[in-house]
Amino acid sequence: MPIRSLLFAAVLLNTLAAPALIARAADSPFDVGNRAQLFVDQVLVRDAKNVAFTLHPGEKHSQNPLIRADQPWEGWRLEIYGNVLFDNEEQLFKMWYLGMPTESYDHYVTCYATSKDGITWEKPLVGTLPAKDGRKTNVVSNALLASVMKDNNDPDPARRYKMVCWINEPKPAGGPHTYTSPDGLNWTRHSQEPICRSSDVLTAYYDHVRKKYVALPKHSTKVGTQVRRCFALSTSDDFLKWTEPYYILKPDLRDDAGSLARIEEVRPILDQPDDPKLMRTEFYGVGVYQAESCTLGFPWVFTVNNNARYGNHEGPGELQLAVTRDLVNWERPFRTPCVPRGRVGEWDSGFFTTPSEAIRVGDEIRLYYGGANYTHGTPCLYRAEGTGRMSEFNGSIGLATWKLDRFVSADGPAAGGVLTTVPIQFTGSKLEINARTRGKGMVIVELCDVHGRPLSDYSRPKPFQGDELRADVGFSKETLASLAGEPICLRFHLRDAELFSFAFRE
């Protein structure tokens with residue numbers, strides 16, 4: 001076959017493999033609409049002089065961990081292998097989390113907790129999965145990784161709650177499945193066959209922009225010389241038919257180059273010495289947050305230092321930050337924790353997990369997360385006797401928060417820096433910025449043409465100073481209304497200032 005034909009076939013194959021999630025128009029000028037544009041990626045940055053981009057890790061709650069294993073049917077540790085949502089109708093936070101095998105249940109179980117403020121949690125004894133010993137519990141399913149969504153648009157009240165999960169039984173139909181429920185407590189299996197190919201971890205959510213259900217199943221594939229845990233994408237329009245998974249997250253050379261640094265942070269609690277031939281980076285899971293203009297990911301980065309003593313792999317985990325604008329192409333500009341690791345011995349010093357979604361509560365983004373003070377290959381995970389379960393090692397659930405959209409900032413020093421956007425077009429008649437200044441610092445915004453030249457017909461507004469999530473930078477409604485839909489550039493002058501996002505509003 002001619003080379004030209006081979007190239008065409010390769011392009012066609014790649015096009016068919018990638019899910020068609022958005023029918024995109026031309027990307028330049030970039031349509032920002034009236035949605036907040038974050039600086040987690042630099043898609044909209046044309047030029048940045050004397051400007052640094054800074055990751056802002058979440059702030060861990062002072063009362064962490066918020067939920068501990070304190071009921072006999074929960075076992076010796078908890079994991080947030082589930083989800084948290086805020087029920088607007090009931091004005092109640094609801095959580096589905098994972099408990100361990102016990103005398104009450106001889107398998108992993110999904111438990112249910114509620115809270116009025118998202119900080120103090122109760123474990124109501126409303127369990128719908130009977131315990132072997134007759135106890136009243138808060139166990140509602142024997143499914144794992146319960147990604148729960150509340151769907152008020154489904155005409156059938158019996159399907160008000162939907163869940164994507166992993167089941168071990170019945171064989172051979174075990175694997176990723178869907179369930180429905182009228183109340184989040186009584187669950188009925190919805191799928192007859194596994195919804196897609198997957199290993200033992202997957203998370204899922206409903207994408208409000210694309211109007212699709214999105215599943216992120218773990219797949220193992222060879223990267224370099226090692227078979228590694230990676231992640232794929234599968235979507236569904238109707239919760240019944242799911243697309244063939246497509247790889248979206250694989251570790252790269254930069255990940256592997258940082259492996260030893262991450263391992264050294266937990267050296268005192270590792271159970272096995274390093275094997276340089278086996279050392280590598282993998283992805284264990286991923287949660288998301290649906291921002292206005294992009295989707296943020298929280299990949300669970302697993303660093304393997306060796307094989308574990310009783311099978312599987314040894315090594316620590318951490319949560320990092322990723323971003324995508326189409327669910328297929330992901331960027332990971334920062335390779336450091338977005339939730340700080342606890343000091344060795346603290347409850348969240350060894351391994352981390354997340355729910356399927358972080359949630360917005362007013363002007364705060366909340367990421368509930370699972371933390372443990374052991375690593376992936378610690379003997380307590382594989383042996384009960386003499387390994388320190390409960391007494392030395394445990395897993396619990398905590399909370400990290402960000403102010404609205406303050407994940408990454410574009411920073412200008414005291415001497416000043418300048419950031420110019422690519423050509424954009426917008427809707428609306430007001431320009432807001434999410435920014436913070438220090439001392440005599442300020443932010444000045446200019447409107448420019450597509451060449452980056454200031455538009456002389458529009459006066460520069462007064463400088464912004466302060467700390468605001470949605471500061472009006474001062475252009476008149478008439479000025480912005482006259483430019484709406486036209487290609488322009490924005491130029492931000494940053495002096496002792498942090499710029500987190502900008503948005504045109506109605």
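The chain comprises four helices and 34 strands, where helices (H or I, at least four residues) and strands (E, at least two) are DSSP runs numbered from the N terminus. Its radius of gyration, taken over C-alpha atoms, is 24 Å, close to the 23 Å that the globule rule (2.2 Å times the number of residues to the power 0.38) gives for 506 residues, so the chain is as compact as a globular protein of that length. The model is a predicted one, in which local features need pLDDT of at least 70 and side-chain atom pairs count only at pLDDT 80 or more, whereas totals for chains, interfaces and linings use all residues. Residues are numbered from 1 along each chain as its sequence is written, and side-chain values use heavy atoms, with hydrogens and water left out.

Of the 506 residues, 57% count as buried, that is, under 20% relative accessible area with a 1.4 Å probe and protein chains only. Among contacts (heavy atoms within 4.5 Å) between residues at least 6 apart in sequence, 64% join residues at least 24 apart.

An open, antiparallel sheet is formed by four strands in the order β10-β11-β12-β13, pairing being assigned if DSSP finds at least two bridges between two strands. Because β10 (144-150) and β13 (188-189) stand at the edges with a single partner strand each, one side of each is left without a neighbour in the sheet. Strand β12 (residues 175-181) is joined to β13 by two bridges, and T180 stands opposite T188 in β13.

Pockets were identified on a 1 Å grid over the protein atoms alone, as open sets of points with protein on both sides within 12 Å along at least five of seven lines, and lining residues have an atom within 4 Å of a point. The largest pocket has a volume of about 1500 Å³, a volume being the space filled by probe spheres set on the points, which are joined across faces, edges and corners. Its lining consists of 47 residues, of which D207, H208, V209, Q290 and A291 lie nearest the pocket centre, and the largest share, five residues, comes from β6.

The second largest pocket has a volume of about 540 Å³. Of the 26 residues that line this pocket, R77, E79, Y81, Y108 and Y284 are the closest to its centre. Strands β6, β10, β25 (351-353) and β27 (364-372) each supply at least two residues of this second lining.

Notes:
Buried means under 20% relative accessible area, exposed over 50%, partly exposed in between (1.4 Å probe, protein chains only). On a 1 Å grid over the protein atoms alone, a cavity is a set of points where a 1.4 Å probe fits but cannot get out, and a pocket is an open set with protein on both sides within 12 Å along at least five of seven lines; lining residues have an atom within 4 Å of a point.
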